[in-house]
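Good morning, and thank you for making time for this presentation.

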Amino acid sequence: MLSNVSSALADQVPAKVRHLDLAQSRVQDTLLRIHAIVDRSNCLDGVHKSLLAEDFESAASYIQTFLQIDSKFKDSSAADQREQLLSSKKQLEGIAKKRLLTAVDQRDHPTILRFIKLFKPLDLEEEGLQVYVSYLKKVISTRSRMEFEQLVELMEQSNNTSQVNFVACLTNLFKDIVLAIEENNEILRNLCGEDGIVYAICELQEECDSRGSNILKKFMEYRKLSKLTSEINSYQSNLLSVRAEGPDPREIELYLEEILSLTQLGEDYTEYMLSKIRSLTSVDPELGPQATKAFRSGNFSKVSQDTTGYYVILEGFFMVENVRKAIQIDEHVHDSLTTSMVDDVFYVLQSCCHRAISTSNINFIIAVLSSAVSLLGGEYSEALQQKMREPNLGAKLFLGGVGVQKTGTEIATALNNLDVSSEYVLKLRHEIEEQCIEAFPAPADRERVKSWLSELNEMSSSFKKALNVGMEQLVGTVTPRIRPVLDSVATISYELSEAEYADNELNDPWMQRLLHAVEINVAWLQPAMTPSNYDTFVHLVIDFIVKRLEVIMMQKRFSQLGGLLLDRDARMLVSHFSSMTQRTVRDKFSRLTQMATILNLEKVSEILDFWGENSGPMTWRLTPAEVRRVLGLRVDFKPEAIAALKL
């Protein structure tokens with residue numbers, strides 16, 4: 001019985017709680033509706049008073065509050081209030097639109113800002129955005145038009161060409177557009193969120209397409225680029241038949257710098273705007289691609305491409321003419337081992353290539369690289385080798401048995417030009433490659449550049465080959481003056497007694513004469529040659545001396561003391577030539593030194609102490625057959641003992 005009562009009470013308690021909750025909820029709802037009625041009345045009263053006081057901001061706020069309450073509490077009894085409110089809203093809209101348009105016409109920016117802020121609470125965001133962006137366009141258009149008219153006025157004054165600044169005019173246009181977006185960012189967001197910013201960017205881009213295109217067209221017209229490129233093409237085609245005067249390369253360089261400055265401005269502006277759009281996170285997905293298309297395929301982009309189309313022709317002409325000029329005015333430079341054209345030519349090539357890379361256009365850099373390679377392999381290479389091709393150059397180098405300083409300097413300088421040019425080509429290649437890594441991130445573009453850079457490697461090799469030919473030509477002029485001393489060695493005996501050996505030590509029969517011949521025929525050219533060239537020159541002379549001495553020594557007979565004397569002579573040659581060059585010369589004399597070692601042995605079998613596994617760090621330059629032949633030069637070594645050797 002007791003349990004049944006408890007169960008009934010348990011069922012009744014939740015039911016009563018639910019009933020109380022429902023009653024409380026209804027009371028709360030009723031109170032909210034009462035408050036809403038009061039708030040509506042307050043809003044209506046506030047709107048009327050605010051309109052009378054021309055406190056339009058408060059009126060808009062009251063209207064916004066009323067509409068929010070009305071959307072939350074649908075009440076048919078509030079129809080009269082709603083009608084009154086909508087009438088006031090319409091009145092305020094009319095005032096806001098009229099005052100805003102008047103302020104726009106008067107360029108009254110503070111008033112414009114005041115009334116544009118009313119459009120959001122009045123639920124007119126899109127209309128407000130259109131009006132405000134249209135106002136920004138007019139401001140930019142007016143400023144740009146005034147600057148453009150001033151530019152045209154300066155253009156018409158022929159004495160003011162230096163003051164005609166197209167770059168500044170375009171810069172100011174871009175600056176105005178960017179500032180319009182940045183400084184009005186909050187207003188645009190308040191009206192339509194991030195979509196409002198994208199809308200403004202696209203609309204203002206129309207001003208860029210219109211005003212910016214006019215600036216570029218006027219630039220091309222004023223600089224007469226179309227006529228200029230036609231003249232260049234005509235000049236280049238008639239170059240072989242009639243040596244007419246072409247355009248001034250100095251003016252061309254100014255136009256090139258202008259073209260690059262204008263196009264780079266356009267690229268920087270476009271990239272900034274597109275990055276601005278990409279940074280927005282809550283934009284309509286369709287707006288981004290539309291904006292990108294507006295920039296990349298707009299009128300400004302097309303006219304900019306027309307402008308850069310003149311670049312390749314102008315750059316090619318500038319490069320060719322300046323390289324030719326550098327070759328034409330080539331002269332000796334005081335305290336320099338090369339003539340002026342080497343530094344001048346590579347400065348021109350470096351400048352042109354750097355300018356081409358700055359365009360970020362792969363086709364432009366390929367075109368300029370192609371012209372550079374062609375110039376290096378053609379006219380410049382011919383100019384480098386011209387001196388070495390002069391007839392009877394060797395006869396001019398030595399007159400009356402004495403080296404002619406002027407001719408020697410000219411020959412050395414011509415060889416230096418080849419040497420330094422070979423290094424400069426590799427340096428140019430490295431610089432271009434480094435700059436292209438930053439300018440061209442796409443692997444396909446980098447591969448195209450690399451294929452042309454390999455041409456520069458080949459050009460460096462061709463200069464080295466020409467240098468080697470010239471160096472051999474110089475050596476061929478010098479060695480006949482050394483050969484008589486070497487030939488005299490053939491008459492000297494190396495079958496020496498102790499007395500003869502002692503006499504040879506006191507009265508050297510040929511070594512000092514040879515070193516003197518080297519000094520007067522080789523060493524005098526050192527101050528005029530690059531270290532690399534002089535080292536090569538000395539080593540080629542060493543090659544000649546060593547080969548001739550080997551032939552002569554192979555035809556002699558030796559006593560052990562004669563072998564000792566040859567060892568002394570070889571050491572003296574190594575010591576002397578080591579002081580003449582920065583490169584090691586010991587390997588050049590290794591065959592001669594090894595011959596002296598063999599000829600200095602006590603007995604035939606001692607060779608085994610230096611041969612094969614016993615050779616230690618020494619690498620034998622003589623073959624087994626040559627070793628036997630050298631052993632056979634010793635008068636006291638028996639042929640049977642030599643033949644029995646197992647080498």
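I shall go through the chain as a whole, then its helices, a cavity, and several individual residues.

This is a predicted model, in which local features need pLDDT of at least 70 and side-chain atom pairs count only at pLDDT 80 or more, while totals for chains, interfaces and linings use all residues. Residues are numbered from 1 along each chain as its sequence is written, and side-chain values use heavy atoms, with hydrogens and water left out.

Let me start with the overall picture. The secondary structure of the chain comes to 24 helices and two strands; helices (H or I, at least four residues) and strands (E, at least two) are DSSP runs, numbered from the N terminus. Of the 647 residues in the chain, 45% are buried. Buried means under 20% relative accessible area, exposed means over 50%, and partly exposed lies in between, with a 1.4 Å probe and protein chains only. Among the contacts in the chain with a separation of 6 or more, 77% are between residues 24 or more positions apart; contact means heavy atoms within 4.5 Å.

Helix α11 covers residues 299-308, and its buried residues are Phe300, Ser301, Val303, Ser304, Thr307 and Thr308. Seen down the axis of α11, these fall within an arc of 165 degrees, so they line one face of the helix. The arc is that of the directions from the helix axis to the C-beta atoms. As a reminder, an α-helix has 3.6 residues a turn, so residues three or four places apart point the same way. What do the buried residues of α11 pack against? Their partners are α6, α7 (185-222), α9 (249-278), α10 (287-296), α12 (311-328) and α14 (362-385).

In helix α19 (residues 511-521), the buried residues are Met511, Leu514, Leu515, Ala517, Val518 and Asn521. They cover an arc of only 155 degrees around the axis, which puts them on the same side of α19.

How many cavities of 30 Å³ or more does the structure hold? There is one, and about 30 Å³ of space lies in the largest cavity. On a 1 Å grid over the protein atoms alone, a cavity is a set of points where a 1.4 Å probe fits but cannot get out, and lining residues have an atom within 4 Å of a point. Grid points are joined across faces, edges and corners, and a volume is the space filled by probe spheres set on the points. The lining of the largest cavity consists of Arg143, Ser144, Glu147, Cys169, Asn172, Leu173 and Asp176. Both α5 (125-156) and α6 (166-183) supply at least two residues of that lining, and the largest share, four residues, comes from α6. By class, the lining has two nonpolar, two polar and three charged residues. Here Ala, Val, Leu, Ile, Met, Phe, Trp, Tyr, Cys and Pro count as nonpolar, Asp, Glu, Lys and Arg as charged, and the others, Gly among them, as polar.

On cysteines, a search of the whole structure finds zero disulfides, a disulfide being a pair of cysteine sulfur atoms within 2.5 Å. Cys202 is partly exposed at 22% relative accessibility, whereas Cys208 is buried at 0%.

Some individual residues deserve attention. Gln205 sits in helix α7 and is buried, with a relative accessible area of 2%. Leaving aside neighbours within four places in sequence, Gln205 is in contact with Tyr269, Ala294 and Phe295. Gln205 and Thr270 are 65 residues apart in sequence, and their C-alpha atoms are 9.5 Å apart in space.

Not counting residues up to four places away in sequence, Glu550 touches Arg591, Leu592 and Met595.

His48 lies in helix α1 (residues 2-52) and is partly exposed at 35% relative accessibility. With residues up to four places away in sequence not counted, His48 touches Gln84 and Ser88.

Finally, two loop residues. Asp123, in the loop between α4 (109-116) and α5, has a phi near 65 degrees, a positive value in a residue other than glycine. Asp123 is exposed, with a relative accessible area of 58%. Ser360, in the loop between α13 (340-358) and α14, has a positive phi near 60 degrees and is partly exposed at 47%.

How values were computed:
1 Å grid on protein atoms, 1.4 Å probe; cavity = no way out; pocket = protein on both sides within 12 Å on 5 of 7 lines; lining within 4 Å.
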